[in-house]
Amino acid sequence: MTRAGTDARPLRVAIVGSGPAGFYAVERLLRQKDVVVQVDIFDRLPTPFGLVRFGVAPDHEKIKRVTRVFERVAESPNVRFFGNVDVGTHVTLDDLRRYYHQVCYATGAQTDRQLGIPGEDLKRNHPATEFVAWYNGHPEFRNYEFDLSVERAAVVGVGNVAVDVARILCRTPEELAKTDITDYAGEALRNSNIREVHVLGRRGPAQAAFTNPEVRELGELTGADVTVVPEEVRLDPLSRRSVEESGNKALAKKVEILQGFADRQPSGKPKTLTLRFLVSPVELQADGEGGVGGVRVVKNELYVSDDGSLRPQPTDQFEVLPVDIVFRSVGYRGVPLRGLPFHEHWGTVPNEKGRVIDPATGEPLRGVYVAGWIKRGPSGVVGTNKPCAAETVGCMLQDLGVGAVLSPEHTDPTSAEGMLRRRQPNLVSWDDWKRIQQLEEAKGMEQGRPRVKLTSVEEMLAAIGRG
Ligand code: NAP
């Protein structure tokens with residue numbers, strides 16, 4: 001039989017997940033001039049774009065413009081979108097093996113990491129990931145509740161997600177009204193009593209994971225004064241040496257921005273955002289009514305670990321921060337995928353450069369690949385997924401070159417679609433999604449906002465006449 005990838009016998013690829021990693025993989029596949037590819041993109045939600053829709057903060061509309069690139073990809077003649085199809089439920093990996101030469105999972109990291117300290121079962125202790133999914137209108141999180149009637153919040157972690165959460169809590173209603181934040185979240189935040197937000201880093205300012213534009217933005221909030229504890233942003237000798245030796249100008253700038261916050265006087269803005277460093281929560285304390293009433297933290301100092309990085313170690317000094325609601329923002333985590341091996345500790349699918357590896361044999365699982373956070377863990381910005389996906393696609397093409405692909409029984413695109421529509425009659429096509437998008441944008445236009453998101457699958461289906 002001729003090799004797949006020709007006009008007569010196109011390479012048929014299923015991409016599972018329509019976030020940045022999935023779309024960058026498709027873009028890369030389409031760029032091959034000498035391989036004819038037909039790609040079907042699956043998403044368990046009716047809407048494409050993954051974390052660009054449900055993760056990127058509503059007040060960061062510019063970051064979402066990357067979807068224009070993805071739209072061009074989706075509209076190429078050899079690409080189809082099958083939304084509202086859950087791979088693992090409506091179809092299994094074995095089903096896909098019967099219709100595609102290659103399957104690439106780009107499903108991201110769908111859950112969060114815990115702190116593992118006493119008191120995590122108290123009310124008003126939330127993963128930041130859920131708060132983010134809620135305010136961004138993820139259908140599975142729209143009914144979550146966050147009690148913003150309290151006044152003091154802690155956000156644990158100093159990555160960009162922690163910064164997003166802290167910033168959204170501090171935004172004024174007028175600022176939020178111009179964004180695509182969901183109506184229910186906009187209203188809850190408009191009525192919020194939160195006045196103090198404490199962001200807690202376990203290491204020092206030189207080890208903070210957030211990036212410079214994000215932390216600079218905290219100093220420019222109209223509704224909140226930003227503060228730091230001066231001695232916490234002063235570099236200890238180990239950090240000073242590591243910043244100097246790294247020659248990393250952006251890192252030196254980050255420290256400078258944070259130290260600049262120490263010189264500021266409160267200007268009377270309604271809210272205060274405090275960035276703390278070298279503190280680790282050791283216990284969430286109860287308020288007597290089953291809710292969070294405080295966070296007990298231990299002060300840390302840094303030491304050089306075996307791998308040369310500076311790690312935190314606890315001292316014997318403790319402090320209790322009186323706060324009423326906690327958002328832990330200590331990283332996303334991948335979830336196991338049906339039919340694929342899983343590395344429990346890392347929360348990723350074991351792989352080599354994107355080729356899924358069967359742990360039992362140490363050999364690649366023929367025709368099955370991963371890209372994005374499920375491949376490398378939850379790190380990097382949207383664009384980081386481009387080289388990550390390119391690496392995976394490189395392996396897919398190499399394997400194609402040596403004939404190491406699956407042998408599907410059905411290679412006619414219409415038979416795949418027929419099977420999918422039988423399994424999921426409410427499949428959402430790209431044209432269906434465009435209608436949902438037009439509706440969201442038209443509503444947004446009326447209100448001077450980029451879009452007003454539909455937040456339930458039922459609403460979306462009703463919008464395309466499937467009520
Ligand atoms: P992240 O950047 O990995 O940050 C996680 C933070 O949690 C770190 O400060 C980490 O501290 C801390 N942490 C982990 N375990 C902890 C513990 N047990 N106790 C206290 N602190 C703990 O993850 P993220 O904020 O979830 O973001 C995920 C990725 O998305 C990142 O690459 C981020 O840059 C990206 N993102 C980008 C944007 C943007 O571009 N605007 C917005 C949102 C997210 P250590 O460093 O000490 O481990």
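User: What makes threonine 272 the bridge partner of aspartate 225 in β10, and how do you know that β9 and strand β10 pair?

Analyst: In this predicted model, where local features need pLDDT of at least 70, side-chain atom pairs count only at pLDDT 80 or more, and totals for chains, interfaces and linings use all residues, aspartate 225 has threonine 272 as its bridge partner in β10. Two strands pair if DSSP finds at least two bridges between them, and β9 and β10 (residues 271–276) have 5 bridges in the parallel sense, so they count as paired. Strands themselves are DSSP runs of E with at least two residues, helices runs of H or I with at least four, numbered from the N terminus. Residues are numbered from 1 along each chain as its sequence is written, and side-chain values use heavy atoms, with hydrogens and water left out.

User: Why is arginine 31 called partly exposed?

Analyst: Buried means under 20% relative accessible area and exposed over 50%, with partly exposed in between (1.4 Å probe, protein chains only); arginine 31 has 45% relative accessibility, and therefore counts as partly exposed. Arginine 31 is found in the loop between α1 (20–30) and β2 (37–42).

User: What is said of the two faces of strand β4 (residues 102–105), and which strands pair with β4?

Analyst: Both faces are covered, with Gln102 and Cys104 buried on one side and Val103 and Tyr105 buried on the other. Strand β1 (residues 11–16) pairs with β4 in the parallel sense over 4 bridges, and valine 13 stands opposite glutamine 102. Strand β18 (residues 363–370) also pairs with β4 in the parallel sense, over 3 bridges, and there tyrosine 105 stands opposite valine 370.
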